[in-house]
Amino acid sequence: MANLTTGTSGKETQAPGMAATVSTAAEATGGIAAGSFVEPDIDEELFRFNSDDTPLMNLMLRAKRVKVNSPEVDHYMIDEARSQITVAEDMPEQTKMQVTLPLLAQDQNLPRPYTTLLVKGVDGYNAAGDARTPGKELMLFVVAVDPTTNNPVVRAVNGLKSQREDEFSCIPKIPAGTKIVILANSLYETQKEVDPDLIVPQPTKVYLQKRGMNQVVSDYFESQRKRIPFSKAIIAEQAIANFKVRGNRTLWAGRAGKFKMNVPRMGLQYVYCTEGLRWQFKRELMHKGKWTVEDVIALAKMFFTGEDVPKTALLLAGKNLLEQIQCIDFSKHPEIQISTKVNSVGWTVTNFHTVFGDIEIKREPTLDRLGWSNSGALIGENRLVHYVYSAEHSFSDRVEGEEATRNGILIWDALALKGSCHIWIDGDGNTPTADAFTFQLWSNEKAPENAMDGDVYYLTADCPGISPTARTGQTWQAVMTVSSDGSDLLVWKPYSGELAV
């Protein structure tokens, strides 16, 4: 009796690890004797159901293909250089010509000598240096780098002057948390040498996983194929479909690993497991409850207005997330257009048109199989890399010592994200991924009651409970401090970090 297992519908229709012999096929079709096969009609369309069941794998096959010479790859998630830096502490009004500008630790090495900096939210002064110019912001010039703190030493370009004839101006007060935009450098008359831009990308290790599929067909089965209810082509097609579906699950949820196996007659050999796309996201939106129009607009804003701006936004969604988004009431927002179209991949998608860009939504059945029905991945289609160590190829060999043929497929590859635009929408878990930047959407006037130290909230409505200055579209972070009586005190500060929200 063949060792039959059940499929997703609970029917015993699968015999894993079994060769395609007449006896096995007879057992799989209800135990009919090998010599009593009949040939009923077959609904071949049933075996072609999976054309849309592996969207991520189809995206991988369309992604930029990079041929590599090793199953281990140093992958660089390089995106556009950062344009903003943040002031770490209050800087009082200065009377000196030049002072050290206190920046966050991760920002200190970015402004190099002779660079100009635009201080957002701090007004500069007119040419005489005796009156502020509202709306015309202060600009600083980097003179040098403080060797002790690594902070830039700056002077004001349009600051306050004691006398109109002064060659330099003083720097007005700059509050902590102020954003500063890095502009171009400004050189003196005969200068031709400047510090080069320091770009030291940090690679992540990507393992390429070797996947294979075998199908064994006995010579007797081949000779009887016209009398049995499964043709060789249909069996091969279903085997390939199963190979693709399982591979698609690995592309989503696989965990990176490398270990040795003792192979008979071949000795020790390495096995590589690739890291799934789910664990590669650097930004995670922890979303619970009902979706609103404001949530969708905020999502589009985060995706299209960061440092890394992709051309397209494709949301691969679990069935529950897809249902929640489809049920949003857009009647009060006629500016958001919803339509059905066939995208560049050839899929029929729901297209959400916003002022920031279009989001194409496609159901990903694999997320449901993995228990992520309330989650989804917002991906930039042109920000995927397909690493290939061995291109997919098929083979056909005679089985040694048997009257049978082994047909198979082998491929050795991996899929990786490039850039920081991608966002994972987590609607199923309560624990964020350890090495990812996580944030939540907040639309209440009151501050979150269950906020913890380090939690980041993107506001989709004004929130005076956080701060009188907390406005829609801003990002705030809960920070635990010690009060005057020694107890823990949770305070709110504008978020300033490496990843933009």
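Predicted model: local features only at pLDDT ≥ 70, side-chain atom pairs only at ≥ 80, totals over all residues.

Reader: Why is Thr 274 called buried?

Author: The term buried is kept for a relative accessible area under 20%, with exposed for values over 50% and partly exposed in between (1.4 Å probe, protein chains only). Thr 274 has a relative accessible area of 4%, so it counts as buried.

Reader: What does Thr 274 touch, leaving out residues up to four places away in sequence?

Author: With contact taken as heavy atoms within 4.5 Å, Thr 274 touches Tyr 207, Gln 209, Thr 250, Gly 254, Arg 255, Ala 256 and Ala 414. Its side chain also reaches the backbone oxygen of Tyr 207 at 2.8 Å. The C-alpha atoms of Thr 274 and Asp 413 are 8.4 Å apart, although 139 residues separate the two along the chain.

Reader: How is Glu 165 classed, buried or exposed?

Author: Glu 165 has a relative accessibility of 61% and therefore counts as exposed. This residue belongs to the loop between β9 (152-156) and β10 (179-185).

Reader: What makes the meeting of Glu 137 and Lys 120 a salt bridge?

Author: The label requires a side-chain nitrogen of Lys or Arg within 4 Å of a carboxyl oxygen of Asp or Glu, and the N to O distance for Glu 137 and Lys 120 is 3.1 Å, so the pair meets the definition. Lys 120, at a relative accessible area of 36%, is partly exposed.

Reader: Where do Arg 211 and Asp 413 lie, and how many residues apart in sequence are the parts that they tie together?

Author: The side chains of Arg 211 and Asp 413 meet in a salt bridge at 3.3 Å, N to O. Arg 211 is in strand β12 (residues 209-218) and Asp 413 in strand β22 (residues 404-417), so this pair joins parts 202 residues apart in sequence. Both Arg 211 and Asp 413 are buried.

Reader: How do you know that Asp 426 and Arg 278 form a salt bridge?

Author: Their closest N and O atoms are 3.6 Å apart. Asp 426 is in strand β23 and Arg 278 in the loop between β14 (267-273) and β15 (283-286), so that the pair links distant parts of the chain, 148 residues apart. Asp 426 counts as buried at 5% relative accessibility, and Arg 278 counts as buried at 5% relative accessibility. Salt bridges with shared partners join Arg 278, Glu 284 and Asp 426 into one network. The search of the whole structure finds eleven salt bridges.

Reader: Which residues of helix α6 are buried?

Author: In α6 (residues 319-326), Leu 321, Leu 322 and Ile 325 are buried. They cover an arc of only 100 degrees around the axis, taken from the directions from the helix axis to the C-beta atoms, which puts them on the same side of α6. Their cover includes β16 (313-317), β18 (348-353), β19 (358-363), β20 (376-379) and β23 (423-426).

Reader: What makes helix α2 mostly covered?

Author: Six of the eight residues of α2 (residues 55-62) are buried, namely Pro 55, Leu 56, Met 57, Asn 58, Leu 59 and Met 60. In the chain of 501 residues, buried residues make up 41%.

Notes
Residues numbered from 1 in each chain as written. Heavy atoms only, no water. Helix = DSSP H or I, 4+ residues; strand = E, 2+ residues; numbered from the N terminus. Polar contact = N/O pair within 3.5 Å; in protein donor to acceptor, adjacent residues only side chain to side chain.
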